Amino acid sequence: MAKRDYYEVLGVSKDASADEIKKAYRKAAIKYHPDKNPGDAEAEEKFKEAAEAYDVLSSPDKKARYDQFGHAGMSGAAGGGGGFEGFGGGFTMEDIFGRFGDIFGGHFGGFSGFSGAQQGGKRVNRGSDLRIKVKLSLKEIVNGTEKKLKINKLIACDVCNGTEAKNPDAYKTCPTCNGSGYVTQVVNTFFGATQTTQVCPTCHGEGKVITEPCEKCKGEGVVKGEEVATIKIPPGVGEGMQLTVAGKGNAARHGGVNGNLLVLIEEENDPNFTRDGNDLIYSLNISVPQAILGDSVEIPTVDAKAKIKIEPGTPTGKVLRLKGKGIPDVNGYGKGDLLVIVNVYIPKSLTSEEKKLVEKLKDAKSFRPDAGKKEQNIFDRMRNFFR
């Protein structure tokens, strides 16, 4: 099913302020909150949909990419890369309550025991995200590519396997919940005072606490290490686009969920081509005789070479279009074109023999400007082309 427009989800306009976006999300979250709609799967989906929209529109960077590229700018998967998760995609309840609970002044997350990121009755720790830059050549952008990168990151401790304890016996019963993993308290919510059972804040639902921490990680559960990550980059990405590789960020404490790897795309300058959206521009220099008589010339493309025909009488500024020889659209809507801009080379100096040949042509009828058939000058043609 196609994603709805994020502005439509929150019911705001594209020029809405940050405060208006926040208020709209707060209103939607209260309306579709699981406590207010128990057992309603549709309400739960709308609750997640609103959180996803807010995640993007509340961030200036993400909002700018969304305004420019739509949903494709939020996920590399739209370009056929696979393995990428959208900025708001794949939201779970623990993600939502963990990220946006403060919007409700401490009340959000007090419902149904959703305090922070939880799963299966226990708090689930989440590792932090990592951000890297990947520089791509034009050929890699056109064809897509796979990169293997060695990344310095936090990994699960290989001694305690992320449990943080020295050994399986280095625990005692939690004094706060007496081993139950839960505490009961009265919470003031938007729906009145309610008694809720929540995960114990001391042991995070384990029912026990560590007495002797792991000596290698000092009770952190993670250590500094490195990992080789394979990143599939789809065709058609562009400068400044960010892709998210789920689960390849820093490891979390106590066997939690790894963070994500955020991949920022950079484009290398190409010696032959200039990028204009999905089109490529190539400047072709031809001689005066070629322009007058016509010719067949070979030009480079991204993957090979191509022959194009220069018609007799081709002027400087003439644009020749090679369909489908540009960059694939990141949404999969075909490919751009290769635009060849002809430049007729005029030599600055001539030999005496060459000068005599040109002087013979100077007064020839075919070489005199025809006042009755004025052509657009090169500056007008170039200006019209780039409008």
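**Close-up 1. D329 in the loop between β16 and β17.** In this predicted model, D329 sits in the loop that joins β16 to β17, where helices (H or I, at least four residues) and strands (E, at least two) are DSSP runs numbered from the N terminus. D329 is buried but takes part in no salt bridge, and R275, the nearest side chain of opposite charge, is 8.0 Å away. Buried stands for under 20% relative accessible area, exposed for over 50%, and partly exposed for the range in between (1.4 Å probe, protein chains only). A salt bridge requires a side-chain nitrogen of Lys or Arg within 4 Å of a carboxyl oxygen of Asp or Glu, and in assigning charge Lys and Arg count as positive, Asp and Glu as negative, while His and the chain ends are not counted. Leaving aside residues up to four places away in sequence, D329 touches N278, G334 and K335, contact being heavy atoms within 4.5 Å. Residues are numbered from 1 along each chain as its sequence is written. Because the model is predicted, local features need pLDDT of at least 70 and side-chain atom pairs count only at pLDDT 80 or more, whereas totals for chains, interfaces and linings use all residues; side-chain values use heavy atoms, with hydrogens and water left out.

**Close-up 2. The open sheet β12-β13-β17-β16.** Four strands, in the order β12-β13-β17-β16, make up an open sheet with mixed pairing, two strands being paired if DSSP finds at least two bridges between them. The edges are taken by β12 (274-276) and β16 (319-322), each of which has a single partner strand, so one side of each is left without a neighbour in the sheet. On average, neighbouring strands of this sheet are turned by 30 degrees against each other, direction ignored; the axes are lines fitted to C-alpha atoms, for helices over the stretch in contact, and angles run from 0 to 180 degrees between N-to-C directions. Within the sheet, strand β13 (residues 279-286) pairs with strand β17 (residues 338-344) in the parallel sense over seven bridges. I281 has L339 of β17 opposite.

Close-up 3. R275 and E267 meet through their side chains in a salt bridge with an N to O distance of 2.7 Å. R275 is partly exposed at a relative accessible area of 25%, and E267 is likewise partly exposed, at 22%. A salt bridge is also formed by R321 and D337, whose closest N and O atoms are 3.0 Å apart. R321 belongs to strand β16 and D337 to the loop between β16 and β17, so this pair ties together parts that are 16 residues apart in sequence. R321 is partly exposed, with a relative accessible area of 46%, whereas D337 is buried, with a relative accessibility of 8%.

**Close-up 4. The open sheet β3-β11-β10.** Three strands form an open sheet in the order β3-β11-β10, and the pairing is mixed. Each of the edge strands, β3 and β10, has a single partner strand, so one side of each is left without a neighbour in the sheet. From one strand to the next, the twist averages 30 degrees. Strand β10 (residues 242-245) runs antiparallel to strand β11 (residues 261-267), to which four bridges join it. Among the residues facing one another, Q242 stands opposite L264 in β11, and T244 has L262 as its bridge partner in β11. Both faces of β10 are covered, with Q242 and T244 buried on one side and L243 and V245 buried on the other. The model has 19 salt bridges by the stated rule. One of these salt bridges, between K133 and E266, has its closest N and O atoms 3.8 Å apart. This pair links distant parts of the chain, with K133 in strand β3 (residues 130-136) and E266 in strand β11, 133 residues apart. K133 is exposed, with a relative accessible area of 58%.

**Close-up 5. Cysteine pairs without a disulfide.** The count of disulfides is zero, a disulfide being a pair of cysteine sulfur atoms within 2.5 Å. The sulfur of C174 has its closest cysteine sulfur in C200, 3.7 Å away, which is too far for a bond. C174 is buried, at a relative accessible area of 1%. For C214 the closest cysteine sulfur is that of C217, and the separation of 3.7 Å is again too far for a bond. C214 is buried, at 1% relative accessibility.
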